[in-house]
Amino acid sequence: MKKNTAMNKEKASKILLEQLEKIKAIPYAQLVTFVLKDESVSYEVNDGDTTYEIKLLYYWDSGKPGNIRVIGNINVAGGWSAYRPHSEDFIVRPDGSFIE
């Protein structure tokens, strides 16, 4: 069976947005610990015929302490899309509200 290395951007965007929705459920205080540890998270998701690599990054958006920007990148595992992944992001304020 041939490995699928072409990225369907619509499908990839949907998968990434689903993953970011899970991150939105994490309390601001816990996101702060990710930023302070300079943590990024990478993992794979398989939709049945394509394996995608997802990387999540956490940064101070407007100075420390303050808003946190969460950036998600997605590409096909082992594919050329790793050089130009699809990205989505959101910003969370200290009060837990979001800037889209």
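The questions and answers below go from the whole chain to single residues.

Modeller: Happy to, and two notes before we start. This is a predicted model, where local features need pLDDT of at least 70 and side-chain atom pairs count only at pLDDT 80 or more, while totals for chains, interfaces and linings use all residues. Residues are numbered from 1 along each chain as its sequence is written, and side-chain values use heavy atoms, with hydrogens and water left out.

Colleague: Which pattern does the chain follow along the sequence?

Modeller: Helices (H or I, at least four residues) and strands (E, at least two) are DSSP runs, numbered from the N terminus. The chain has 2 helices and 5 strands. Read along the sequence, they give α-α-β-β-β-β-β.

Colleague: What is the order of the strands in the sheet?

Modeller: Two strands pair if DSSP finds at least two bridges between them. The sheet is open, has 5 strands and pairs in the antiparallel sense, with the order 1-2-3-4-5. Strand 1 (40–46) and strand 5 each pair on one side only, so the edge strands are strand 1 and strand 5.

Colleague: How many bridges join strand 2 and strand 3?

Modeller: Strand 2 covers residues 51–60 and runs antiparallel to strand 3. Within this pair, Lys 55 stands opposite Asn 73, and Leu 57 stands opposite Ile 71. The count of bridges between strand 2 and strand 3 is 9.

Colleague: And which residue of strand 4 stands opposite Gly 72?

Modeller: Strand 3 (residues 68–76) and strand 4 (residues 86–92) are antiparallel, with 7 bridges. Asn 73 in this pair faces Ser 87. For Gly 72, the residue opposite is Glu 88.

Colleague: Which residue in the turn between strand 4 and strand 5 has a positive phi?

Modeller: Strand 5 (residues 98–99) runs antiparallel to strand 4 and is joined to it by 2 bridges; Ile 91 has Ile 99 as its bridge partner. The two strands form a hairpin with 5 residues between them. The turn residue with a positive phi, about 90°, is Gly 96.

Colleague: At what angle does helix 2 run to strand 2?

Modeller: Axes are lines fitted to C-alpha atoms, for helices over the stretch in contact (heavy atoms within 4.5 Å), and angles run from 0 to 180 degrees between N-to-C directions. Helix 1 (residues 9–24) lies across strands 1, 2, 3, 4 and 5, at about 25° to strand 4. Helix 2 (residues 28–36) lies across strands 2, 3 and 4, and its angle to strand 2 is about 95°.

Colleague: How many residues of strand 3 are buried?

Modeller: Buried means under 20% relative accessible area, exposed over 50%, and partly exposed in between (1.4 Å probe, protein chains only). Of the 100 residues of the chain, 36% count as buried. Strand 3 is mostly covered, and of its 9 residues the number buried is 7.

Colleague: Is Pro 65 buried or exposed?

Modeller: Pro 65 lies in the loop between strand 2 and strand 3. Because its relative accessibility is 69%, Pro 65 counts as exposed.

Colleague: How many Å separate Pro 65 and Glu 10 in space?

Modeller: The C-alpha atoms of the chain fill a box of roughly 50 × 20 × 20 Å, taken along the principal axes. Pro 65 and Glu 10 are 55 residues apart in sequence, and from C-alpha to C-alpha their separation in space is 35 Å.
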